[in-house]
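These are my notebook entries on a structure that I looked up for a reader new to it.

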Amino acid sequence: MYYQNLLLVILTFILYDNTVNIYAYRTFDVDGVETILALENETINIECKTDGPLSYCGLINPTGERCSFKGQELHLGSCFNKVNVTKQDIGEWTCHLGKSAIGVETTKKIMVRIVNRVAAIKQNVTAVHGREITLECVTTEGLRSLVYCRFEPPNRIAFNINSAVNFSNAILEKYYYPPTRSMDRGDCAVTIRNVQYEDIGSWTCGAGLDDGKEYIDVIMLKVEGLYTLSTGSKFVLIYGVTIFTVAFCLIGVVAWKHRIFSEFLPSLEEIEIADMDARQRLRATQSSPQPSPQPERNDPEVVVQSPSESSSSPVTATQ
Ligand SMILES: *[C@@H]1O[C@H](CO)[C@@H](O)[C@H](O)[C@H]1NC(C)=O
Ligand SMILES: *[C@@H]1O[C@H](CO)[C@@H](O)[C@H](O)[C@H]1NC(C)=O
Ligand SMILES: *[C@@H]1O[C@H](CO)[C@@H](O)[C@H](O)[C@H]1NC(C)=O
Ligand SMILES: *[C@@H]1O[C@H](CO)[C@@H](O)[C@H](O)[C@H]1NC(C)=O
């Protein structure tokens, strides 16, 4: 019995400790960068971590000041700096992590933003025309449930949304609440189906909290057409154009060698007659590779030069 009570006390302590921690700043992954959303004057823990022990650990703050750490936690592979966030802490912090072995060090970036009690995770969002995009604001003092969540689109009527709105019953057949988010965990989010150019602009999210007030933040939405190609699709396009050009050239060379077009080009023949020497040399080079058709397939000059010239024109046209 005694041990059970002790266990209960410990459990209560852990739970209490966690609830204390829950009402604190939040950390998100924004495009692969750890981003801390904190209130002004809030104490945050900027932590650099790695697996394995460290020989040194340093931190550069947004104003360029450096601090380095030594002590116990380096053996555990981490170092941290507790700061009471002020305006000059906003921006990019950089960690330098040196492992015990000599070699390149690990660097890590941490973004710090001072926000209101509700904040956009990503302030600048870029969508592709005709696709879906999710805009998202969250409570910053931990996972606090929302009384309501609303959005004001640019130049259009505002709407109120919650998790009952799904893909099939979307508001105006356009806006629905992303199924992976939760009002109870403080997510004020909307997924826009089939993004149009008219959706470009500033979207205001407004979340009602239990203090009866509404807190807002603004998300800038950019929409790009399919013509602004990603690097991947540019690669595919260049590849396609290259293969097409090479195939076209090879067909041309083969056709010319077999003189398929020769009867349609009498004028060319006349020009050639004017320069007998050149024609004779041409004949000589034509007749020699005739028995073996391999050279035309293996000829690297045709493959390399013609596509790079011809493929550059469609790519510059797309930009
Ligand atoms: C943060 O602290 C500074 C200095 O102590 C104070 O002037 C400022 O009003 C505080 N800001 C907030 C939001 O509490
Ligand atoms: C941050 O503020 C708290 C009081 O809010 C204070 O006790 C603490 O020393 C401050 N920490 C730093 C690093 O300034
Ligand atoms: C968002 O875009 C604005 C203007 O284009 C820029 O000033 C701001 O720094 C950007 N914010 C982020 C978080 O990238
Ligand atoms: C969408 O919500 C409606 C009403 O809340 C529900 O009847 C329907 O089954 C839901 N559809 C999906 C795909 O979850």
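Predicted model: local features only at pLDDT ≥ 70, side-chain atom pairs only at ≥ 80, totals over all residues.

**Entry 1: strands and sheets**

I looked up Phe151 and found that its bridge partner is Phe159, in S13. S12 and S13 pair in the antiparallel sense over two bridges; two strands pair if DSSP finds at least two bridges between them. Strands here are DSSP runs (E, at least two residues), numbered from the N terminus.

Residues are numbered from 1 along each chain as its sequence is written, chains are lettered from A and ligands numbered from 1 in the order in which they are written, and side-chain values use heavy atoms, with hydrogens and water left out.

I then followed the order of an open sheet of five strands, which reads S10-S17-S16-S12-S13 with mixed pairing. S10 and S13 stand at its edges with a single partner strand each, so one side of each is left without a neighbour in the sheet.

I turned next to S11. Strand S9 runs antiparallel to S11 and is joined to it by three bridges; here Ala119 has Val138 of S11 as its bridge partner. S11 and S15 also run antiparallel, joined by six bridges, and Cys137 stands opposite Cys188 in S15. Six of the seven residues of S11 are buried, so this strand is largely enclosed by the rest of the structure. Buried means under 20% relative accessible area, exposed over 50%, and partly exposed in between (1.4 Å probe, protein chains only).

**Entry 2: salt bridges**

How many salt bridges does the structure hold? I find 14, a salt bridge being a side-chain nitrogen of Lys or Arg within 4 Å of a carboxyl oxygen of Asp or Glu.

I looked up Lys122 and Asp31, which form a salt bridge with their closest N and O atoms 3.1 Å apart. The pair links distant parts of the chain, 91 residues apart: Lys122 is in the loop between S9 and S10, and Asp31 is in the loop between S1 and S2. Lys122 is partly exposed at 29% relative accessible area, whereas Asp31 is exposed at 62%.

Arg144 and Asp210 form another salt bridge, at 3.9 Å between the closest N and O atoms. Arg144 lies in the loop between S11 and S12 and Asp210 in the loop between S16 and S17, so the pair ties together parts that are 66 residues apart in sequence. Is Arg144 buried or exposed? Arg144 is buried, at 18%, while Asp210 is exposed, at 59%.

I also recorded Lys174 and Asp199, whose side chains meet in a salt bridge of 3.0 Å, N to O. Lys174 is in the loop between S13 and S14 and Asp199 in the loop between S15 and S16, 25 residues apart. Lys174 is buried at 13%, and Asp199 is buried at 0%. Salt bridges that share partners join Arg117, Glu141, Arg144, Asp210 and Asp211 into one network.

**Entry 3: ligand 4**

Which residues are around ligand 4? I find Ala164, Asn166, Ser168 and Asn169, each with a heavy atom within 4 Å of the ligand. A polar side-chain atom of Asn166 lies 2.4 Å from an oxygen atom of ligand 4, and one of Ser168 lies 3.2 Å from a nitrogen atom of ligand 4.

Notes. Helix = DSSP H or I, 4+ residues; strand = E, 2+ residues; numbered from the N terminus. Polar contact = N/O pair within 3.5 Å; in protein donor to acceptor, adjacent residues only side chain to side chain.
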